[in-house]
Amino acid sequence: MNTMVRWLKFAPVALALLAPAAGAQEGRGDVVYVPTPQVVVDEMLRMAKVGPGDYVIDLGSGDGRIVITAAKKHGARGFGVDLDTYLLKMANETAKKEGVAERARFFEQNLFETDLKSATVITTYLLPEMNQKLRPKLLGLKPGTRVVAHDYAMGEWDPDEEKTLLVPEKTVGDPGKSYIFLWIVPARVAGRWESQLPVAGRAVSYEFNFEQIFQMVSGSARVGEREAKLPQFKMNGEQLAFSLIAPIGGAMVTHRFRGWVKGDAIEGTVTVGSEGSGQRVMPWRAKQTARGEMQMGAAGPAVAQAAP
Ligand SMILES: C[S@@+](CC[C@H](N)C(=O)[O-])C[C@H]1O[C@@H](n2cnc3c(N)ncnc32)[C@H](O)[C@@H]1O
């Protein structure tokens, strides 16, 4: 679904979240309490592939069900923040009852002021404008961090995966349906990178100029003296993979680059040639020589690249 269509489609129904549950304190936060149905919680955690190594932070944690489920069913750790003391008390009591109080904790804190650096997974069920406000902070998290949201997207940052669940008992948002969106925080690759590869007994320079809009990357390459356009590709956290057709000894040869971004270096392999025609796999290491900026589409400013 086109991001703008999604944004327009769900912004009006966001008002339907204004239906507080009994016991919750009204008016303390930026959105009232509505619990995510358990079947949706389970799917959110499945899509984010939550496991024992994960640290889950739920922003606006309500009765704590997301972090408690992550701890109980997936062996993860984490915490939730909320401003509603009644819900926080309930969440901490449930965590205790379920035997996961050591791994699932709940604090009174404004979600916009919460330190997210320890997270490997962030979950939200917030209004679209709240997601949008959080977006620059989320994009600054460690590459590979998963962000999973119930019902509302992140404006122009397209999700890496999305799913619609039929939830007959749901009466808020789009009644009877829940939308789940998953994003994987991409590494910053925008800018110029240089590498060398041994071709026909001599070192040939391979330079790349990457442009980046969220997780989508495009750009150009220079192989020796020849320019080539790169196909658009998608980052997966710190991993990148793309193909390039470039001349070697007068023939146009396919190169498949695969690497991991580690600050100002990329380490990986390049497979040169096609199967059955003397294919070779070589180590590939690129060094960043000029930083670029991740673009955030028409709606937002560019995000400066963090120092490696
Ligand atoms: C729609 S509920 C979602 C609850 C829970 N995450 C779930 O999915 O079941 C949103 C929660 O965010 C909390 N909240 C709203 N604004 C907040 C803020 N600025 N800081 C912390 N919590 C906030 C509300 O009290 C409410 O419990």
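What does the pLDDT of the protein average, and what share of the residues score at least 70? I looked this up before anything else, since I am working from a predicted model: the average is 89, and 87% of the residues score at least 70. I then marked two stretches for caution, the one being residues 7-16, where the pLDDT is below 50 and the model has 15 contacts beyond near neighbours in sequence, the other residues 301-308, where pLDDT stays under 50 and the model has 21 contacts beyond four places in sequence.

Overall fold. I noted 5 helices and 17 strands, and of the 308 residues of the protein I found that 38% count as buried. Among the contacts with a separation of 6 or more, I recorded that 54% join residues 24 or more positions apart.

Helix 2. In residues 38-47 I listed Val40, Val41, Met44 and Leu45 as the buried residues. Looking down the axis of helix 2, I saw that its buried residues fall within an arc of 135°, so they line one face of the helix. I next asked what covers these buried residues, and my list includes helix 3, strand 4 (121-124), strand 5 (146-150), strand 6 (161-166) and strand 7 (177-184). Just after helix 2, I noted that Lys49 takes a positive phi of about 50°.

Ligand. I counted 24 residues around the ligand, the closest being Gly29, Thr36, Gly60, Gly62 and Tyr125. The elements that give two or more residues to this shell are helix 3 (65-74) and strand 2 (77-82). By residue class, I sorted the shell into 12 nonpolar, 7 polar and 5 charged residues.

Notes
Residues are numbered from 1 along each chain as its sequence is written. This is a predicted model: local features need pLDDT of at least 70, side-chain atom pairs count only at pLDDT 80 or more; totals for chains, interfaces and linings use all residues. A residue is near a molecule or strand if its C-beta atom, placed from the backbone, lies within 6 Å of it. Helices (H or I, at least four residues) and strands (E, at least two) are DSSP runs, numbered from the N terminus. Ala, Val, Leu, Ile, Met, Phe, Trp, Tyr, Cys and Pro count as nonpolar, Asp, Glu, Lys and Arg as charged, and the others, Gly among them, as polar. pLDDT is the predictor's confidence in each residue, from 0 to 100. Two residues are in contact if their C-beta atoms, placed from the backbone, lie within 7 Å. A residue is buried if 20 or more other C-beta atoms lie within 10 Å of its own, exposed if 12 or fewer, and partly exposed in between; C-beta atoms are placed from the backbone. The arc is that of the directions from the helix axis to the C-beta atoms.
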